[in-house]
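Here are a few friendly notes to read alongside the model. Keep the picture open as you go.

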Amino acid sequence: MQIFLQLVASGVAVGMIYAAIAFGYQLTFATSKTLNFGQGEALMLGALFGLTLVPFTGYWLMLPLVLVFGFALGAVVERLGVRPAVKIKSEYGWIMATIALGIIFKNVAENVWGRDDLKFPSPLPETALTFGGVRVLPMELMIVAGALLMMLAVEVFNRRSIWGKAVVATSNDIDAAGLMGINTRKVITLSYSISAMTAAFAGVLVAPVTLTGATMGSVLALKAFAVAIIGGLESGLGVIVGGLILGVAETLTGFYISTGYKDVPGLILLLAVLAVRPVGLFGKAVIKKV
């Protein structure tokens, strides 16, 4: 039982990283029905940018600078990759454009920071804490707390601020929001900026417990996309639950079966959800009147 709880604790930390990235997918899909398939590269660039700043600012002062960097990066992705495709009502142009930008960002990172993985200094002690026989790294606790606080902050922003309410209105009905005087183009840009900002923040959260490099975001973003599909692309609660399910399933499978099969449960769950409930566990089916 103690081993089982240890695995669950590790899986929760991994799952919250997936959830934080998937939350970014949910933000852009809600406002524009598009996704940033370069989300993993936003995470990677956030981590590498943070690694560059840490020697000069320290970890805690680095965080707001990384948030600003991610915010600006998201605006660039929307302006260059998404807006032209949406403007001509292309159904697939934004997919290839965001993938292309992701590849460009990855190549830039390889040329600036190199191809080798780098060690990101941890801001917290690396000695594990013990809770009822379960050993947990302080950084793992910070990952869970940081991801939850970040998603909570975005929800508060959406409910309390003028721009946040504009995001909610655009998510509910983009045409009606436009008729009410809301600049939906700016709202979509804002959603992409917040999405990339959450990914960059996730990057500096996960970097101290893993290695930092140009390829670190690819697998994480792919699994986060699976989490978004499992939980529901329009449900904030769904991405949290989906992330926890996938994270725990991976750690349990890796220990009790084989690390070579740890990715299998997530894929099986993804296929099962798509077959039984395509809108996701917490998604809402919408009936369109013709």
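This is a predicted model: local features need pLDDT of at least 70, side-chain atom pairs count only at pLDDT 80 or more; totals for chains, interfaces and linings use all residues.

1. Residues are numbered from 1 along each chain as its sequence is written, and side-chain values use heavy atoms, leaving out hydrogens and water.

2. Look for Pro-121 in the loop between strand 1 (118-119) and strand 2 (129-131); strands are DSSP runs of E with at least two residues, and helices are runs of H or I with at least four, numbered from the N terminus. Pro-121 is partly exposed, at 38% relative accessible area (buried is under 20%, exposed over 50%, partly exposed in between, with a 1.4 Å probe and protein chains only).

3. What does Pro-121 touch, not counting residues up to four places away in sequence? Its contacts (heavy atoms within 4.5 Å) are Leu-51, Val-54, Tyr-59 and Pro-208. Gly-58 lies 63 residues from Pro-121 in sequence, with 9.6 Å between their C-alpha atoms.

4. Now find Leu-5 in helix 1. Leu-5 is partly exposed, with 39% relative accessibility.

5. Finally, the UniProt record, an unreviewed entry, lists "transmembrane region" for residues including 43-71 and 187-207; such annotations may be inferred rather than shown by experiment. Residues 43-71 are 100% helix and 0% strand, with end C-alpha atoms 12 Å apart. Residues 187-207 are 95% helix and 0% strand, with end C-alpha atoms 30 Å apart.
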